[in-house]
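Work through these exercises with the sequence and the model side by side. Try each task before you read its solution.

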Amino acid sequence: MKVILKYYLILINNRQALYGKGATMNILEIKNLNKVYGSGETRVDALKDVSFSIEEGEFVAIVGPSGSGKSTLMHILGGVDRPTSGEVLIGQTDICKLSETDLAIFRRRHIGLIYQFYNLIPILTVEENLTLPILLDKRKPNKELLNDLIEKLGLEERIKHLPNQLSGGQQQRVSIGRALINHPALLLADEPTGNLDSENTKEIMKLLRKFNKEAKQTVIIITHDERIALSADRVITIEDGMITRDEARIKTTNFNSDEKAEVRA
Ligand code: ADP
């Protein structure tokens, strides 16, 4: 109970830092986003006037064919690349206007990133990998909250192991924990199950859904996998750099059963 209370206090603090006291609004707002690579004959318009917003607690999948602009969008949302023009508001902060240093700090505190290939540091243990974003922020991890996270991730027996001593599913659980350790406003996952078998895919999706439900964690997943897309509450389709569909779903694929999904346009 005490752990839950502490957890919510941190959550409320983070949200107030983003929004100001008492305000409720979209956690993410993208306005007229354009990204151009190259120029002249090699010019590619990877994103063309993309606008959408996401509310706190949504579980969203972004889908589209290869080359449609999904990774470009994800990199910009994650603050690892900048748009040619447009705004990316996370809470009240337009991350495109931040200096490199401020953006790095903002990213560490408010954006959690998960990749297909885990990106764990091979010479650090599970516990060290998990707490890295806190240590980089020159803070000390709260032992109780850390243990609670380790338990939720099912990694109690593995905290002193190195990444190469873990299965793919376990490594991805560590990377989810590392992304969540600072209670980010957004959890962005780029093909998080692309390297996993179907059993581990199920486990990872159940875990992401659990954090989404229990902590109201906003989750955005880029995926090629139709079952993953069908498990989201909302599916945004991007084609040739433009949003071509944006569907809220009334019933989603439940990774606990073989329930079929229905789509509401
Ligand atoms: P997706 O993730 O949907 O496969 P990307 O965002 O990777 O799509 O790419 C969108 C378009 O932008 C593609 O035409 C791709 O070739 C181009 N592109 C991506 N990154 C670069 C880059 N660094 N330089 C030039 N073109 C790029």
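**Exercise 1.** Find how helix 6 and helix 7 pack: at what angle, and how far apart are their axes?

*Solution.* Start with the ranges. Helix 6 covers residues 168–180 and helix 7 covers residues 198–215. (Helices are DSSP runs of H or I with at least four residues, strands are runs of E with at least two, and both are numbered from the N terminus.) Next, take the axes, which are lines fitted to C-alpha atoms over the stretch in contact, with angles from 0 to 180 degrees between N-to-C directions. The angle is about 20°, and the axes lie 10 Å apart. That makes the two helices roughly parallel, a term for angles under 35 degrees.

This is a predicted model: local features need pLDDT of at least 70, side-chain atom pairs count only at pLDDT 80 or more, and totals for chains, interfaces and linings use all residues. Residues are numbered from 1 along each chain as its sequence is written.

**Exercise 2.** Which residues of helix 6 meet helix 7?

*Solution.* Helix 6 brings Gly168, Gly169, Gln172, Arg173, Ile176 and Leu180. They meet Asn200, Glu203, Ile204, Leu207 and Phe211 in helix 7.

**Exercise 3.** Which strands does strand 1 pair with, and in what sense?

*Solution.* Pairing needs at least two DSSP bridges. Strand 1 (residues 26–37) pairs with strand 2 (residues 44–55) over eight bridges, in the antiparallel sense. Here leucine 28 stands opposite isoleucine 54. Strand 1 also pairs with strand 4 (residues 85–90), again antiparallel, over five bridges. There, glutamate 29 has leucine 89 as its bridge partner.

Terms used:
Angles under 35 degrees count as roughly parallel, over 145 as roughly antiparallel, 65 to 115 as roughly perpendicular and the rest as oblique. Two residues are in contact if their C-beta atoms, placed from the backbone, lie within 7 Å.
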